[in-house]
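Dear colleague,

Please find the structure below. My notes on the ligand site and on one helix follow it.

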Amino acid sequence: MELPFTEPFKIKMVENIYKSTREQREGWIKDANLNLFNLKSQQVFIDLLTDSGTGAMSDKQWSEIMLGDESYAGASSYYKMKEAIKDITGFSYFLPVHQGRAAENVLFSVLVKEGDLVPGNSHFDTTKGHIEFRKANAIDCTINAASETTSYHPFKGNVDLQKLENVLKSNPREKISCVIVTITNNTAGGQPVSMSNLREVSELSRKYGVKFIIDSARFAENAYFIRLREDGFADKDIRDISREMFSYADGMTMSSKKDAIVNMGGFIAFRDEELFRQASTFNIMYEGFITYGGMSGRDMNALAQGLYEGTELLYLESRINQVSFLGNKLKEYGIPLLEPFGGHAIFIDAKKFLPHIPKKEFPAQTLAIELYTEGGLRGVEIGALMADRDPQTRKNRYPDLEMVRLALPRRVYTDNHMNYVAAVVRNVFERRNTIRNGVKIVWEAPIMRHFTIRLERIQ
Ligand code: F0G
């Protein structure tokens, strides 16, 4: 028989997790104002809130921690990181930053001004936050297929080239900050973007004289999907695919907490020395000197090592297959899901799971709360709460997709944990008709409200 996928690592250290009672959880979630971000991690049994910074580092990464050079300027750790970035992305210039949103802050300080437009494919919430905070507009040009939860498309994260060209054509060049493509497209369900789409976006950007930036948090998972699904890549190395993806862009922002498998860190990389120079000034102001930018030397070392481990084919195979293992199990139980399954998470379609809860009562958040009380499982709402209010009209924005995301930390949970997760979801699904009401907002912040929001159950 064909040998199955399995993890290309074994476990050297374990961390105990606490299994609470339903009664405890009901009290804790109430104290947390029904906001799962407010829970203490000790109150969570299986934590699928995010795959960001939650991965398990390898023995090699931990040994790199001991070798870190903590010099303020010119540390060897900086050069180790520079070499790894050049090797894997092809970019010659880079700035370290403390995480992905810091990369956005620094880069957008150069590129984005009031009244600008930033077209792309469903910008991540911090990306949109940094754009809207500068009184500019993020324009979502994702293909329509992305909002059809069950139709098959191998690259549902793609940019609709016609939508993009309409934005580029109908606005003066000075009003477009840059084009940003997020790989994989997190907000649309961890869906990949094809190589041909990246190439075409690059050509369009060039035609209109606009810079093309890749938000690269999950670039290795994107490369894996290209290898799996796009003609001509089946025999290619993940790093060759990665270099080709980046060859079409002028720069990249990176949250290294995802595909570089570190707990903290990020960077911006550039093709053009001039853009690097301009961004360097902001990096020094916001993050730190250009050879450490908010990271310690040891963390830069672990990041450099993590970039290599995160682009190993066998690792990616086991990772993406664990996500689909969970997806297939849930599908077997009849749970409505976003398909095809994405790279880092399974997305439950809350509109179909709780069709009787109206959108103004936030069905995805309601479901996330139920999953927690049922089994101590923490997911995250990717729906109307996260979509926030329109900055101009202040009206609630209701996105097409109203989902609960179960994001899998890298190298952390076993398939047995996935069986447990699937059972939790199944139990809630079986009693879904007893969930009569959703939730209402009692307090919210003016921007990126979902992190700190306070909610109450509607009686
Ligand atoms: N871009 C994408 C596509 C992301 O998914 C994230 C973070 C960021 C940028 C910002 O990076 O967290 O290092 O500042 N996503 C996490 C998530 C938080 O849960 O999806 P950061």
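Of the 16 residues around the ligand, those that come nearest are T50, R101, D215, S255 and K258; a residue counts as near if one of its heavy atoms lies within 4 Å of the molecule. This is a predicted model, in which local features need pLDDT of at least 70 and side-chain atom pairs count only at pLDDT 80 or more, while totals for chains, interfaces and linings use all residues. Residues are numbered from 1 along each chain as its sequence is written, and side-chain values use heavy atoms, with hydrogens and water left out.

The shell around the ligand holds one nonpolar, eight polar and seven charged residues (nonpolar: Ala, Val, Leu, Ile, Met, Phe, Trp, Tyr, Cys and Pro; charged: Asp, Glu, Lys and Arg; polar: the others, Gly among them). Its largest share, three residues, comes from helix α4 (residues 100-111); helices are DSSP runs of H or I, at least four residues, numbered from the N terminus.

For an N or O atom in the side chain of S255, the distance to a ligand oxygen atom is 2.7 Å. Taken alone, the ligand exposes 470 Å², and the protein buries 94% of that (Shrake-Rupley method, 1.4 Å probe).

In helix α16, the buried residues are M418, V421, A422, V424, V425, V428 and F429, whereas N416 and E430 are exposed on the face turned away from them (buried: under 20% relative accessible area; exposed: over 50%; 1.4 Å probe, protein chains only).

Kind regards

Methods: A polar contact is a pair of N or O atoms within 3.5 Å; within protein, one must be able to donate a hydrogen and the other to accept it, and residues adjacent in sequence count only if both atoms are side-chain atoms. Helices (H or I, at least four residues) and strands (E, at least two) are DSSP runs, numbered from the N terminus.
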